[in-house]
Amino acid sequence: MPTDQKNYKKVAYYPGCALEGTGHAYNRSTKAVGKKLGLDLVEVDNWNCCGAMEVKNVDPKIQTYLSSRVMSITANEMDMDVVMAPCNGCYHNLKKAEYELANDKESAEVVERLSKEAGHETYKAGQVETIHALDWIKHTIGEDGLRERVKNSLSGMKIANYYGCMYTRPRHIFPEKDAGPGSESTYRPHFMDDLLEAAGAENVEFPLKTACCGGAHTLSDSDMSTKLVLNILRAAEESDAEVIATECPTCHTGLEMHQIRAEKTLGVKTSVKILYFTQLLGLALGLKPRKVGIQENISSSTDFLKEKGLA
Amino acid sequence: MPIHEQSLIRPENLTTHEEKIIDGIDVSGHWSTFIESRVVTDYNEQMEDEIAALPGGEFIHRCWQCGSCTNSCTVNAVNPEFNPRFWIYLIRMGIESELIRDKDIIWQCVSCNKCTYACPRDVYPEGVMKATSHWLELKGHTPQSPSAIFDEVCTDQIVDTGKIEDGRTLRRFMQKTGQSLLQDWIVAMIKQLVSHLPVSLLAKMGLSTLIAPRTSGWSGARRALKRYIEEQQTEQQMAVNPVVAGEEKH
Ligand code: SF4
Ligand code: SF4
């Protein structure tokens, strides 16, 4: 648990661009799970893109500004002090902006200048705490709370939990991680494992939890991304997993896309299913597949879920 | 054994002779392999400073060549020629011609930050890779990489509307890089998606590729960002190539 535990039962919700596009199923399932668990999400007003993975390559300070604007609205216009971002990219960028603003004078100056020119209040480090959807459920409901609420246990489902890059690296932007018992680990993250286990799943020993899917170059260097994704898919299958649970729209879509691309361009077929952890939790809590956007995924898992008695 | 990951001796500089006598001594065969010496005359003493002046390159001077970055690198595991430690060495030594041999792969860094996680000196090698590929482009050593084109497509869209819309990004990028949208894997993916997607969502997604989603109240931010980006671009060009940038301006 974070030391200065804020109340996460009602938080500002920052879906980000991907959740309005290819990551739609993640948006739907996150909201549905929140509602089912009695947690309140208030969407950030007039939010903008956090800078994604691309803006920092043009200029990292612009990314810091973009992310700071989201936090500024949360703090100064909505008067809230916690923002929850389910997308690893958004979560990472907001955390990074927080770090830069607290530690780098030049970034703070650029953000102040841009905020003034844009006509809104400047975000000041410390006004808002950014959390991931994993933190949100873990710290409000927790494993015990989930166990009590499970209607359709995921028992008998073998899951490889895939966290990706942006949730754990670089370490310095996540001061609350690696902070002793109960905190998340950047080396061996376990929050998703904990939650899905509470929902009844069997987590397999998966060595590529924090491997890179090549998401930054999913289109600009597709061959590289296909190779990296294929490593992940194969490792999951070799670990005996039936499902890869994801927590990021970029990773998720990357795995789905390059699963198809690997088959088309390299002739390598893998059949492991790819589902958002919120979809899995939702099903376990008794939500219908449609309610957690199963049909919005690119890869189809309906037959598999039927087999497991979840659809 | 990180430090041995890259040999400075190239295969083409190794020679053996079937039969050779030098000064009456027999130097034939494998046991007398010669390494042809190579002479570097074109040290670029500014190279480290130039790269350090670009975003991400700031801490290159801290590197002590431990090799942890290369050892942990995602792309290195796929292609051993991709070697951040070695490139940092070349940059700090100013051996420009050697660095340029790898100019077409440096941009392939996937920003996974495994190197940043492993680096004991907080060099932020990921940033150095980005600064280096940026530098190669600013210097005219390489055309804009696909990755840089993608960065630009996304950034332009964000500055303009406040948001990114996947469909538009895909279309613009494919157009700018001269690729077809009808590659069989893209077609297969879309077919698969459409086959089970609810019609209402399909309509919504189709609509958003036509009418881009926008952040309301964005015009002030757009103006501010445009002005700032212009300033930064001139500054970066000046840092790398003061003469050319100066001439262009006047
Ligand atoms: S960020 Fe780039 S250089 Fe660093 S480990 Fe990843 S791919 Fe390699
Ligand atoms: S950049 Fe860091 S990890 Fe890489 S060689 Fe230098 S000191 Fe070691």
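For sorting residues I count Ala, Val, Leu, Ile, Met, Phe, Trp, Tyr, Cys and Pro as nonpolar, Asp, Glu, Lys and Arg as charged, and the others, Gly among them, as polar. I note that this is a predicted model, in which local features need pLDDT of at least 70 and side-chain atom pairs count only at pLDDT 80 or more, while totals for chains, interfaces and linings use all residues. Residues are numbered from 1 along each chain as its sequence is written, and chains are lettered from A and ligands numbered from 1 in the order in which they are written.

Entry one, the ligand site. I looked up the surroundings of ligand 1 and found 14 residues (a heavy atom within 4 Å), the closest being Cys73(B), Cys109(B), Cys112(B), Asn113(B) and Cys115(B). Two or more residues of this shell come from each of α3 (74-78), α6 (114-118) and α7 (125-138) of chain B, where helices are DSSP runs of H or I with at least four residues, and strands are runs of E with at least two, numbered from the N terminus. By class, I find 9 nonpolar, 3 polar and 2 charged residues in the shell around ligand 1.

I find 13 helices and 4 strands in chain B. Its C-alpha atoms fill a box of roughly 85 × 50 × 35 Å along the principal axes. Of the 250 residues of chain B, 44% are buried (under 20% relative accessible area, with a 1.4 Å probe and protein chains only).

Methods. Side-chain values use heavy atoms; hydrogens and water are left out. Buried means under 20% relative accessible area, exposed over 50%, partly exposed in between (1.4 Å probe, protein chains only).
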